[in-house]
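User: Could you walk me through this model? I'd like the overall fold, the sheets and any pocket.

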Amino acid sequence: MRYAIVSDIHANLEALTAVFEAIDSERVHKIVSLGDLVGYYSNPDECLKLVRERVVESVAGNHDRAAVGLKEPTWFSDSAKRGIAWTRGHLTAASAQFLATLPLINLIDQRFLIVHGALHPRPNEDVYLTSRAEVSKSFRALGCMDPKVDLCFFGHTHRSVVYESRDGTISKIDAEEVALRPGAQYLLNPGSVGQSRDRDPRASFLVFDADRARVRFHRVAYDVAACHRKARETGLIADEGARGTPRGWTGYWIHGAKRIVRRAWPGA
Ligand code: ZN
């Protein structure tokens, strides 16, 4: 069984269309989403229509819940707040209903878990899995799950990464393709479809081949300028240029290395 894992689409129709085209050539059996389907950009209903046609399961992201009033965007950035206010006024009733019913965690085919943020202190859409302390806590939570699974996919940070826990050691793996080792646990982030926050403006997703126990990260070029032009016309963004990452955010080059690098994490 092959799964495409997508996350953080954020109503970016240009990116989503390009990613679905790329997925079509990957012979996957199911597409799974890790949430944040809306927010930031200007095609929420168009994206949700495609998602509902093609994605078998999704969880709720913080932007999805804020967009339908299940939480207030109190701690969101100014641009994120703008996106939520605009999205609340432009969702169809069917789209809002779909977002409102998304769960915070889901178990897919008894094989792996999906969440938007983290597994601790409970499955949630708010905690960023970026620090060693937070990653350790989510690995402990993963070890307590029933039924027991060794994999959990998460989103929210908009940065692709693989964390491995094996024999009490947590490693961060930077590679385009990763072989999952027996006896290890994994927390994996496919990166963002709609709003990359590393130095690569292309859309990001991953393919998990369950039979071969491998994941492979993919980057897909799309018309970033067209998405941003529409967002400017609707007042969602002031001016972000055409790099895919709004000004003021910094990022990391995750997939620069062609060879597999396993190193103690956090490393040098
Ligand atoms: Zn997001």
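Predicted model: local features only at pLDDT ≥ 70, side-chain atom pairs only at ≥ 80, totals over all residues.

User: What does the secondary structure of the protein come to?

Analyst: Helices (H or I, at least four residues) and strands (E, at least two) are DSSP runs, numbered from the N terminus. On that basis, the protein has 7 helices and 13 strands.

User: In what order do the 6 strands of the open sheet come?

Analyst: Two strands pair if DSSP finds at least two bridges between them. The pairing here is mixed, and the edge strands, each pairing on one side only, are E3 (57–58) and E9 (177–179). The order is E3-E2-E1-E11-E12-E9.

User: Which residue in E3 is the bridge partner of Val-32?

Analyst: E2 (residues 30–33) and E3 run parallel, joined by 2 bridges. In E3, Val-32 is partnered by Glu-57.

User: Why is strand E10 largely enclosed by the rest of the structure?

Analyst: Buried means under 20% relative accessible area, exposed over 50%, and partly exposed in between (1.4 Å probe, protein chains only). Gln-185, Leu-187 and Asn-189 point one way from E10, Tyr-186 and Leu-188 the other way, and all are buried. E10 (residues 185–189) is largely enclosed because the buried residues number 5 of the 5.

User: Which residue in E10 is the bridge partner of Glu-164?

Analyst: E10 is joined to E6 (residues 151–153) by 3 bridges, running parallel, and to E7 (residues 161–166) by 5 bridges, running antiparallel. Phe-153 has Leu-188 as its partner in E10, and for Glu-164 the partner is Tyr-186.

User: What is the volume of the largest pocket?

Analyst: On a 1 Å grid over the protein atoms alone, a cavity is a set of points where a 1.4 Å probe fits but cannot get out; a pocket is an open set with protein on both sides within 12 Å along at least five of seven lines, and lining residues have an atom within 4 Å of a point. Grid points are joined across faces, edges and corners, and a volume is the space filled by probe spheres set on the points. For the largest pocket that gives about 380 Å³.

User: Which of the 21 lining residues are closest to its centre?

Analyst: Closest to the centre of the largest pocket are Asn-62, Trp-75, Tyr-128, His-156 and Arg-197.

Notes. Residues numbered from 1 in each chain as written. Heavy atoms only, no water.
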